Amino acid sequence: MGASSGIGRRLAEEFAKGGIIVGAAARNNKALQELKSKYPDRVFTEEIDITKEDAPDRMEKLIEKMGGMDIYLHVSGIGYSNPELNPGREAEMVSTNAGGFARMLSTAYRYYRDNVRKGQIVGLTSVAGTNGIGRMAAYSSSKKFAQTYMVALEQLSNEEGVDVTFTDIRPGWIRTPLLDDEKSYPMEMTLDYVIPRIIHAIVKHPRVAVVDWRYDLLVGMWKLIPNALWVRMNVEM
């Protein structure tokens, strides 16, 4: 989910190149068709806007085209700094990164539960979800929601006896179309560097995978900072 550009596009291409059947979904249907033209026998597509109520039905349609689903990979999301706190942009990020995330992961979970199938749900969240970041209030909060939502679904799967594993992949800054071309970011990573590490996490499926080790150390330190001190810090992301 989110296969039209950036991380999602590269992951879809790598999996298809490796002979895996891929269900590619995004809002940009043109980009999806370009992807399918490269791998016509391995890529199935469906235009899906995760903020729309018909998204679950469209996802179920895509699963039918593929003949089933072993792994649900959610990459779809938006994010940017918004220190001006423009209400529209704040609401848009929450709607996509939290509302859309819940809408689609719950659909994936119900698929595995209702069809009594073993599966894996992978969500790309962010190191920003470690704590609230003033300049990225909606983004960091929505990513925290996503991380907590996966914990809740995992608890429910244990309660209901659903054979699903959950993998929360938390990258730092990655050079994708979401970033400002004229700005550099702390410990910025390239897609060529990140994609193999994300694939490794999907295959090995640890419960949480921070990409990369530098960010793992950083967020580890963040967790030790009490809120009384955190809210007085100037956090640049």
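View 1. Glu46 is buried, with a relative accessible area of 7%; here buried means under 20% relative accessible area, exposed means over 50%, and partly exposed falls in between (1.4 Å probe, protein chains only). The whole model is predicted, so local features need pLDDT of at least 70 and side-chain atom pairs count only at pLDDT 80 or more, while totals for chains, interfaces and linings use all residues. Residues are numbered from 1 along each chain as its sequence is written, and side-chain values use heavy atoms, with hydrogens and water left out. The side chain of Glu46 meets that of Arg58 in a salt bridge of 3.5 Å, N to O. Glu46 sits in strand β2 (residues 43-47) and Arg58 in helix α3 (residues 55-66), so this pair ties together parts that are 12 residues apart in sequence. A salt bridge is a side-chain nitrogen of Lys or Arg within 4 Å of a carboxyl oxygen of Asp or Glu. Arg58 is partly exposed, at 31% relative accessible area. Look around this pair and you will find a network of salt bridges that links Glu46, Asp54, Arg58 and Lys65.

View 2. Helices are DSSP runs of H or I with at least four residues, strands are runs of E with at least two, and both are numbered from the N terminus. Arg9 and Glu13 both belong to helix α1, four residues apart, which is about one turn of the helix. Their side chains meet in a salt bridge of 3.0 Å, N to O. Arg9 counts as buried at 13% relative accessibility, and Glu13 also counts as buried, at 13%. Side chains of opposite charge can pair when their charged atoms come close.

**View 3. A salt bridge within a loop.** Glu188 and Arg175 meet through their side chains, 3.0 Å from N to O. Glu188 lies in the loop between β5 (164-171) and α6, and Arg175 in the loop between β5 and α6, so the pair ties together parts that are 13 residues apart in sequence. Glu188 is partly exposed at 29% relative accessibility, and Arg175 is partly exposed at 23%. By the salt-bridge rule, the count comes to 14.

**View 4. Asn97 and its surroundings.** Find Asn97 in helix α4 (residues 87-114). Asn97 is buried, with a relative accessible area of 2%. A polar atom of its side chain lies 2.6 Å from the backbone oxygen of Ile78. A polar contact of 3.3 Å also joins the side chains of Asn97 and Ser142. A polar contact is a pair of N or O atoms within 3.5 Å; within protein, one must be able to donate a hydrogen and the other to accept it, and residues adjacent in sequence count only if both atoms are side-chain atoms. Leaving aside neighbours within four places in sequence, Asn97 is in contact (heavy atoms within 4.5 Å) with Gly77, Ile78, Tyr139, Ser142, Lys143 and Ala146.

**View 5. The largest nonpolar core.** A nonpolar core is a set of buried Ala, Val, Leu, Ile, Met, Phe, Trp, Tyr and Cys residues joined through side-chain atoms within 4.5 Å. The largest one has 45 residues, and Ile7, Leu11, Leu73, Ile169 and Ile198 touch the most other members. Among the elements that each supply at least two residues of this core are α1 (6-17), β1 (22-26), β4 (119-124) and α5 (137-160). Helix α6 gives the most, with seven residues. In soluble globular proteins, nonpolar side chains tend to be buried together.

View 6. A second, separate core of 24 residues includes Tyr72, Met104, Ala108 and Phe166.

**View 7. Arg135, with the whole fold for orientation.** Arg135 is found in the loop between β4 and α5, and is partly exposed, at 38% relative accessible area. Arg135 and Asn28 are 107 residues apart in sequence and 28 Å apart in space, C-alpha to C-alpha. Stepping back, the protein has eight helices and six strands. Its C-alpha trace spans about 50 × 45 × 35 Å along the principal axes. Buried residues make up 48% of the 237 residues.
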